[in-house]
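Hi,

Here is the structure I promised to pass on. Please have a look at it first, and my notes follow below.

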Amino acid sequence: MSVVNKSCPDQSSWREFLQGDDSKLSVEMEIHQDRCQACQQVLLELEDELRPLQVLLRHGVQQQDFSAEQEFKQAEENLIQFPQRDA
């Protein structure tokens, strides 16, 4: 594992970089990460950390994600029992 030095961006800056936050420094950061093994490792770790969140944001939450939870089952049952009005 390489050692991050003082000239390296901090994790917060790399996180913003990965999330696509438009930054004046993004070009400099891209050049830096091409040359710095320590920052390449930081980026790999952050990508692993952010991947589940990015997938969730891209694809949304699906009903099956909650269907096994007791609260979901109760809410579903309540909706089934709720009388519908004629429009």
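Let me start with L43, which touches W14, F17, L18 and Q33 when neighbours within four places in sequence are left aside; contact here means heavy atoms within 4.5 Å. L43 lies in helix α3, where helices (H or I, at least four residues) and strands (E, at least two) are DSSP runs numbered from the N terminus. L43 counts as buried because its relative accessibility is 5%; buried means under 20% relative accessible area, exposed over 50%, and partly exposed in between (1.4 Å probe, protein chains only).

Before going on, some housekeeping. This is a predicted model, in which local features need pLDDT of at least 70 and side-chain atom pairs count only at pLDDT 80 or more, while totals for chains, interfaces and linings use all residues. Residues are numbered from 1 along each chain as its sequence is written, and side-chain values use heavy atoms, with hydrogens and water left out.

Now the overall picture. Of its 87 residues, 14% count as buried. Among contacts in the chain with a separation of 6 or more, 61% are between residues 24 or more positions apart.

What makes up the largest nonpolar core? Nine residues do: C8, W14, M29, C36, A38, C39, V42, L43 and L46. Helix α3 (residues 37–59) supplies the largest share of this core, five residues. A nonpolar core is a set of buried Ala, Val, Leu, Ile, Met, Phe, Trp, Tyr and Cys residues joined through side-chain atoms within 4.5 Å.

Q33 sits in helix α2 (residues 26–35). Its relative accessible area is 17%, which means that Q33 is buried. Apart from neighbours within four places in sequence, Q33 is in contact with W14, Q40 and L43. From C-alpha to C-alpha, L43 and Q33 are 8.4 Å apart in space, and they are ten residues apart in sequence.

Further along, L50 is also placed in helix α3. L50 is buried, with a relative accessible area of 5%. Not counting residues up to four places away in sequence, L50 touches R15, L18 and Q19.

Finally, how do α1 and α2 meet? Their axes come within 11 Å and cross at roughly 105°; axes are lines fitted to C-alpha atoms, for helices over the stretch in contact, and angles run from 0 to 180 degrees between N-to-C directions. Therefore α1 is roughly perpendicular to α2 (under 35 degrees is roughly parallel, over 145 roughly antiparallel, 65 to 115 roughly perpendicular, the rest oblique). S13, W14 and F17 of α1 make the contact with S26, M29, E30, H32 and Q33 of α2.

Best wishes
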